[in-house]
Number of protein chains: 2
Amino acid sequence: MERFLRREARDAPESGIVALLNHGRKSGADVMPLWVGEGDLPTPEFIARPAAEALLAGETFYTWQRGIPELREALARYYTRHFDRDFQPQEFIVTGSGMQAIQLALQATAGAGDEVVYLAPAWPNISAAVGIAGGIAVPVQLEHSAEDGWTLDVNRIEAAITPKTKALFINTPSNPTGWTADRQTLAQILDIARRKGVWIIADEIYALYHYAPSRAASFLDIMQSDDRILFVNTFSKNWAMTGWRVGWMKVHPDLQQTFENLVQYSTSGVPQFLQKGCVAALDEGDEFVAGQVARARNARDMVCEIISATGRTRLSPPQGAFYLFFAIDGIADTMAAAFDMVDNARVGLAPGSAFGPGGESFYRLCFNRRVDELEQAAERIAGWIKGN
Amino acid sequence: MERFLRREARDAPESGIVALLNHGRKSGADVMPLWVGEGDLPTPEFIARPAAEALLAGETFYTWQRGIPELREALARYYTRHFDRDFQPQEFIVTGSGMQAIQLALQATAGAGDEVVYLAPAWPNISAAVGIAGGIAVPVQLEHSAEDGWTLDVNRIEAAITPKTKALFINTPSNPTGWTADRQTLAQILDIARRKGVWIIADEIYALYHYAPSRAASFLDIMQSDDRILFVNTFSKNWAMTGWRVGWMKVHPDLQQTFENLVQYSTSGVPQFLQKGCVAALDEGDEFVAGQVARARNARDMVCEIISATGRTRLSPPQGAFYLFFAIDGIADTMAAAFDMVDNARVGLAPGSAFGPGGESFYRLCFNRRVDELEQAAERIAGWIKGN
């Protein structure tokens, strides 16, 4: 029957990450799950409780398509606190996941036949979402060297832009590489976007997961209010809320109505009772996030040390996000190796081939987890490397 | 800034229903809210409680993109019970709202430049979703007469099909008209779809809201397993769960992976803790639904009687769904009249112009509500009619 479906829908690839995960679900509870981008903690009670109470109190009716006023106000407070200037509720649109924020940003900028430039290796959902809409995702490869880690040559972005290019999708800190743009690099990218008249879709969801004294640099630090930048974000990572499917966009207030319409015609809003928990996350969650980031920094250093000690890996400690993206010398088929590690080392990694051009020889390991468990997982991986 | 957005996104209309609703939100609590398609009851505790408990128990991680196995099994049980034959869990995909089910069905069948034929008047989101994807929504008008109510001439469907037509969107029982296809009409539509090689997207979400001894006729009653039919559905209406944003699709099991991919690249799944409540709705909710339907039948009869008594309306008691779609003689601008009724009669109706061709002179009234409140609302409307 599938052959009767639209080609772009049929061609949407199965996520290489989900393929591993589905295999792992059959493999028993002793597999250490480092394949997906989530931590080991359930949502903290100070966030879950208000949502559960609102649900039981009957806040179960249709609500504002752009998000409840309390949540948009909380987003403005959160941004004002973390990004060093004033923000208004009118700049925020609540979405049904960060993924939906990406989908809506793409719907708003790039359709059939249009091109979207993105930095690769990348989370596979970006290029897949472009493709389903009939667009073309154009990768610009980051480069990796032992000395400098992952680096971007911004000239490659300019070279990739054609008359069909509608948007640059910029993810920093990057999933999976950990590459993090500094302010100068962001300014160069913004300059290109301004000169070429294309949108920037800014995915800065890991901005607080930055292994430096402060958050990562942001387009918010350098932009003018009329720059064409759409920010996509999620509650998933900062507050251990991956299973909630709530995200947001920060856009120019003039675009509120258009994005409300796009929400209306895709999922028609986000449960009000969940939004009550999201308010608590933003208003009361800074300490939780800081603790998670500190734990991830320790985990990163420990995992890098154990895996590097095999002498067979290429890796650079990531500057941001919570993934180690590493290559193993002498192993060609990362998908097959990832399946074998599940079965024989009892560790689940995401194969680099899932992340597109430049990722083929790598594995992604999520280190947002208890350090003792990660130590055990890293030892298992090191053992597997020595045996293969 | 809006002018830099993609045309199809800019052109997506504000929902005429939401426009009224947003006006009404400023108008005070004494406005009787009959504008949107939801009832007056919050989600029953037997559904809300398991979801709240799962949330507090930490079921807050990523989960199966196609839906948790327990929910797909519960869907198969529900269908087996209501549709008189066996169904398998592999036929069901859980989605983030019925609206998302529609969006995914469209993504799978019709892209830029493709045509989708639908029956009008219709819920406005259908044509808007087609338009955002760059497709063309082609209305086939139902006809209304005092003697026969709303009727469909199926020859009009065949005449509307062109080489660009990819799908027929068939909503029965219909929102807003209440028109409900009998089995013979469904067979005629299926015959057209087979001969023309186009998909049917079947929106039968009000199948149990049928004011006859049994549920409405369904394509499930007449189809072969290899017929190209995608069913879209929602938890919203039957179980007072409009605010949950959970729906599902029933598709051929060979299409599971494609729809899992489309979920992955749009919202990446539905909260597991909410799905636990949905299992309870399906397994324990038949009595609740039957009670709601019985109440709606009484409400329908009472509202029709009071409004008809003005002698200035055109209406037919709907066979299914929970809307009265009625016209008032002598009033041209239904949008202006609907705003005026909010302000002066304190009743919120959806203007018929929101429902596209054939709806312009009508109003949609949702009667899924306490009968005494509806009686008061109907009296207010009758009073407004007499004064205008």
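Chain A is divided into domain 1 (2–43 + 287–387) and domain 2 (46–284), with bounds that come from an automatic or database domain assignment. This is a predicted model, in which local features need pLDDT of at least 70, side-chain atom pairs count only at pLDDT 80 or more, and totals for chains, interfaces and linings use all residues. Residues are numbered from 1 along each chain as its sequence is written, and chains are lettered from A and ligands numbered from 1 in the order in which they are written.

**Domains of chain A**

- The centres of domain 1 and domain 2 of chain A, taken over C-alpha atoms, are separated by 23 Å.
- In chain A, 36 residues of domain 1 are in contact with 36 residues of domain 2; two residues are in contact if their C-beta atoms, placed from the backbone, lie within 7 Å.
- On the side of domain 1 of chain A that touches domain 2 of chain A, two or more residues come from each of helix 1, helix 11 (286–308) and strand 12 of chain A. Helices (H or I, at least four residues) and strands (E, at least two) are DSSP runs, numbered from the N terminus.
- Helix 11 of chain A gives the most to this side, with six residues.
- By residue type, this side of domain 1 of chain A divides into 17 nonpolar, twelve polar and seven charged residues. Ala, Val, Leu, Ile, Met, Phe, Trp, Tyr, Cys and Pro count as nonpolar, Asp, Glu, Lys and Arg as charged, and the others, Gly among them, as polar.

- The same surface serves both copies, as 100% of the contact residues of chain A recur in chain B.

**Strand pairing**

- Strand 12 (residues 323–328) and strand 15 of chain A pair in the antiparallel sense over five bridges; two strands pair if DSSP finds at least two bridges between them.
- Ala327(A) stands opposite Phe362(A) in strand 15 of chain A.
- Strand 14 (residues 350–351) of chain A runs antiparallel to strand 15 of chain A and is joined to it by two bridges, with Ala350(A) opposite Arg364(A).
- In chain B, four strands form an open antiparallel sheet in the order 11-12-15-14.
- Strand 11 (313–314) and strand 14 (350–351) of chain B stand at the edges, each with a single partner strand, so one side of each is left without a neighbour in the sheet.
- Strand 11 of chain B pairs with strand 12 (residues 323–328) of chain B over two bridges in the antiparallel sense, and Thr313(B) stands opposite Ile328(B).

**Burial**

- Five of the five residues of strand 15 (residues 362–366) of chain A are buried; a residue is buried if 20 or more other C-beta atoms lie within 10 Å of its own, exposed if 12 or fewer, and partly exposed in between.
- Phe362(A), Arg364(A) and Cys366(A) lie on one side of strand 15 of chain A, and Tyr363(A) and Leu365(A) on the other.
- Seven of the nine residues of helix 9 (residues 256–264) of chain B are buried, so helix 9 of chain B is largely enclosed by the rest of the structure.
- The cover of these buried residues includes helix 1, helix 2 (16–25) and helix 6 of chain A, together with strand 2 (92–95), helix 5 (98–109) and strand 10 (247–250) of chain B.
- Gly16(B), found in helix 2 (residues 16–25) of chain B, counts as buried with 21 C-beta neighbours inside 10 Å.
- The C-alpha atoms of Gly16(B) and Pro351(B) are 7.1 Å apart, although 335 residues separate them along the chain.
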